[in-house]
Amino acid sequence: MYSHITLHRGLDLNLQGKVEQGAEAGSMVMPSIIAICPDDFPGLTPKVVVKAGDHVEAGQPLMIDKNREEIKIVSPVNGTVGEIVRGERRKILRVTVTPDASANTQAATSGKGAADATAVKAALMNSGLWAMMRQLPYDIIPESDAVPANIFITTFDSAPLAPDMHTAVSGKAAEIKAGIKALLTQTAGSLYISVRDIAKTEPLLGNDLKDNQRVTVAEISGKHPAGLPSIQAANLAPVNKGESVWMLDIITLARIGDMILNGRCDWSTEVALTGSEVKTPHMIRTVNGAAIEPLIAGSLKDNDHNTRIISGNVLTGINVGADGFLRFPYRQITVIPEGDDVDEFMGWASMSPNKMSQNRSFISRLFGKKLFAPDARINGGRRAMIMSEQYEKVLPMDIMAEYLIKAIISRNIEQMEALGIYEVTPADFALCEYVDPSKLELQKIVREGLDYLRKELS
């Protein structure tokens, strides 16, 4: 089945440093070290099952969930376990692996030919692909006993400077069809595939989906955050209390299909190196969790100011620095000016046409599609929450976002439920955080609220 939805709220940030449409990655860049960080997998209570010096194969578990031992986080390469880095209260920050000379990123799995619900679920958990999906409510790795009401797959990323997902799955129509068939065994409901352009995506999906009443291909028009599966779910089939839904992207879907068809899982990835501080934005083929330094070597502009290196996009990414690692979902690196050495006349109130803002009082709004190179400053400090109704302008969901944030801060579970917390993820509030005159850390607030609610109701 086909449908079309136009989202009338949202905001696209016009930034410098986007990779050209259709650009392909070059040869594999294999780093000298990779790292897997448990914080990238919300809902996981990590237990390390390897020790420093152990040799591991691609697809071998590095960590399991203490409470659900069938859920595994696996190594993306053959190699030797390096450090198990811990923080305060012995919290596991990351597990590092030094790749072997062979640098194999393909892992054999026992999922080949899995057809029924039990076999597919076991294959997803054993291969590590289960941890690549997310569940609503709570935006966590799906519960091991979860039966989703519906499953949502996004085929595009609308975030600033995000690469085209179609490049990563080019030529994988058979794997995508096999992945769809496998996921349909996990739900009695529907599978929704959200696309930006049906004509572009249809060759990957095949004509046989047209007559499948349990598969809906939804063409989504609108600005960011239109590419987030949680936003798509809220506009296609909102999750109700007592239900759960799963969310994933088409890259993970292709990996699931590869496992079903060929009994393997390839943990290599294509990453976009983007941002105004990059000489020539381009695609890089590497491996999940790769060290950042070899990926950006020789690619940054020779400027005399400090830069911020972000794993991800400017709205939801993590500031990792040159000595950091790729973080899940392993698709993008963004490099922008730090801004800590800027001496600007009038500061945030500058009338410069290079000052980016969604507010119409800024001169830059007269320049239409002008591309900007903002730095990492937030241009303000902590202050009282202002009920400005700005969130609703960029959040295409049928919720009262400001009141939900207040309910989360006050830990009022009844109001949180009534205001729609089961439908949201922290990423949904990234644009709200950008336009927020109060400068609140909204994504952090939502993440803590979801964790609190899950703990209280478990």
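How much space lies in the second largest pocket? About 620 Å³, a volume being the space filled by probe spheres set on grid points joined across faces, edges and corners. This is a predicted model, where local features need pLDDT of at least 70, side-chain atom pairs count only at pLDDT 80 or more, and totals for chains, interfaces and linings use all residues. Residues are numbered from 1 along each chain as its sequence is written, and side-chain values use heavy atoms, leaving out hydrogens and water.

**The pocket**
- A pocket here is an open set of points on a 1 Å grid over the protein atoms alone, where a 1.4 Å probe fits, with protein on both sides within 12 Å along at least five of seven lines.
- Its lining (residues with an atom within 4 Å of a point) runs to 31 residues, with Lys18, Gln21, Asp157, Ala159 and Ala162 nearest the centre.

**Helix α3 against helix α6**
- α3 (residues 173-184) and α6 (residues 250-262) pack at about 90°, axes 7 Å apart, the axes being lines fitted to C-alpha atoms over the stretch in contact and angles running from 0 to 180 degrees between N-to-C directions.
- That makes the pair roughly perpendicular (65 to 115 degrees).
- Among the residues that meet are Ile176 and Ile180 in α3, and Leu253 and Ile260 in α6.

**Thr216**
- Thr216 sits in strand β13 (residues 215-221); a strand is a DSSP run of E, at least two residues.
- Thr216 is buried at 9% relative accessible area (under 20%, 1.4 Å probe, protein chains only).
- Beyond neighbours within four places in sequence, Thr216 is in contact (heavy atoms within 4.5 Å) with Met1, Ser3, Leu191, Tyr192 and Ile193.

Note on methods
Helices (H or I, at least four residues) and strands (E, at least two) are DSSP runs, numbered from the N terminus. Buried means under 20% relative accessible area, exposed over 50%, partly exposed in between (1.4 Å probe, protein chains only). Angles under 35 degrees count as roughly parallel, over 145 as roughly antiparallel, 65 to 115 as roughly perpendicular and the rest as oblique.
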